[in-house]
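Hi,

Here is the structure we talked about, handed over for you to look through.

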Amino acid sequence: MTKAFSALPRVDTLVLAGGNSRRMGSDKALLLWQGIPLLRRVAQVAAACTERVYILTPWPERYTDVVDPGWHLWRESAPHRGPLLAFQEGVARLQAEAIPPDWVLLLACDMPCLDEQVLWEWRHRLGSLPPEMVAALPKTQRGWEPLCGFYRLSQMHQLEAFLQTGGGSFQDWLSGIPTVVLPLWQAQMLTNCNVPADLEGANP
Ligand SMILES: Nc1nc2c(ncn2[C@@H]2O[C@H](COP(=O)(O)OP(=O)(O)OP(=O)(O)O)[C@@H](O)[C@H]2O)c(=O)[nH]1
Ligand SMILES: [Mg+2]
């Protein structure tokens with residue numbers, strides 16, 4: 001797909017790759033899906049529909065062989081804090097970039113069925129959202145899908161405020177902020193691989 005970004009809000013991707021893969025039993029970022037390491041698969045899709053790709057992980061040296069030269073591997077300041085605090089760190093680092101994005105696409109590293117066309121379609125919706133809208137995410141029966149959606153960088157003081165009051169989960173935070181639901185045509189796209197059987201059953 002041709003990139004035609006100029007008229008759209010700027011979007012960079014943050015991929016979280018610092019989980020323990022406890023249920024999987026080995027680092028799932030490196031597990032092969034259709035011959036491609038999961039982390040690479042996710043970053044490839046992201047690179048096709050956002051300006052820049054950042055991967056946040058406490059162990060970047062593990063992934064140097066699976067990332068493209070144009071992607072950025074960021075070393076996380078502390079391991080094992082969970083996705084919300086990892087996101088907070090990623091947001092702070094994006095805000096400190098020379099050209100911060102308008103929106104962050106936040107992705108887990110274990111989602112092989114991500115659909116570039118869907119992400120692209122979602123991205124096109126961002127420009128018409130009211131300025132107070134903080135996040136744009138798909139929602140399922142399980143609730144918000146926080147690791148497959150968009151967050152407005154200029155509103156991330158609302159994450160700081162939530163964390164300062166002792167909040168700790170994405171679902172709790174999202175229940176208190178303006179978030180728009182993104183349409184999900186195929187729930188399969190959100191498949192994330194937590195145990196070995198998930199990887200075997202994941203089809204595009
Ligand atoms: N950078 C970073 N990413 C994290 C952290 N905790 C979880 N993640 C990522 O968040 C996403 C969703 O996490 P899970 O699917 O629960 O993965 P996990 O924590 O490795 O799996 P389990 O150990 O089995 O719970 C994955 O992409 C993880 O790599 C963290 O502390 N730092
Ligand atoms: Mg998962």
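Leaving out residues up to four places away in sequence, Gly18 touches Leu56, Thr57, Pro58, Glu76, Pro79 and Ala86; two residues count as touching, or in contact, if their C-beta atoms, placed from the backbone, lie within 7 Å. Gly18 sits in the loop between strand E1 (11-16) and strand E2 (32-33), where helices (H or I, at least four residues) and strands (E, at least two) are DSSP runs numbered from the N terminus. With 23 other C-beta atoms within 10 Å, Gly18 is buried. For that label, a residue is buried if 20 or more other C-beta atoms lie within 10 Å of its own, exposed if 12 or fewer, and partly exposed in between, with C-beta atoms placed from the backbone.

Before you go further, please keep in mind that this is a predicted model: local features need pLDDT of at least 70 and side-chain atom pairs count only at pLDDT 80 or more, while totals for chains, interfaces and linings use all residues. Residues are numbered from 1 along each chain as its sequence is written, and chains are lettered from A and ligands numbered from 1 in the order in which they are written.

Now to the ligand. Around ligand 1 there are 23 residues, and the closest are Gly18, Gly19, Arg22, Arg23 and Ala86; a residue is near a molecule if its C-beta atom, placed from the backbone, lies within 6 Å of it. Strand E4 (52-57) and helix H2 (83-95) each supply at least two residues of this shell. By type, the shell around ligand 1 divides into nine nonpolar, nine polar and five charged residues. Here Ala, Val, Leu, Ile, Met, Phe, Trp, Tyr, Cys and Pro count as nonpolar, Asp, Glu, Lys and Arg as charged, and the others, Gly among them, as polar.

The UniProt record (an unreviewed entry) places the feature "binding site" at Leu16, Ala17, Gly18, Lys28 and Asp110. These positions span 95 residues in sequence, yet no two of their C-alpha atoms are more than 11.9 Å apart, so they gather at one spot. UniProt positions are given in the numbering used here, feature names are shortened, and annotations may be inferred rather than shown by experiment.

One of those positions, Asp110, is in the loop between strand E6 (103-108) and helix H3 (116-126). Asp110 is buried, with 26 C-beta neighbours inside 10 Å. Apart from neighbours within four places in sequence, Asp110 is in contact with Lys28, Leu38, Asn192 and Cys193.

Among the contacts of Val15, leaving aside neighbours within four places in sequence, are Leu39, Val42, Ile55 and Leu107.

Phe150 belongs to strand E9 (residues 148-152). Five of the five residues of E9 are buried, so this strand is largely enclosed by the rest of the structure. E9 runs antiparallel to E6, joined by five bridges, and antiparallel to strand E7 (residues 135-140), joined by two bridges; strands pair if DSSP finds at least two bridges between them. Phe150 stands opposite Leu105 and also opposite Ala136.

Met189 is in the loop between strand E10 (179-182) and helix H6 (196-201). With 19 C-beta neighbours inside 10 Å, Met189 is partly exposed. Its contacts, not counting residues up to four places away in sequence, are Cys113, Leu114, Asp115 and Val118. The C-alpha atoms of Met189 and Glu116 are separated by 9.9 Å, although these residues are 73 apart along the chain.

Last, some backbone angles to look at. Most residues other than glycine have a negative phi. Ser21, in the loop between E1 and E2, has a positive phi near 50 degrees, and Ser21 is partly exposed, with 17 other C-beta atoms within 10 Å. His80 also has a positive phi, of about 60 degrees. His80 is in the loop between strand E5 (72-75) and H2 and is exposed, with 11 other C-beta atoms within 10 Å.

Best wishes
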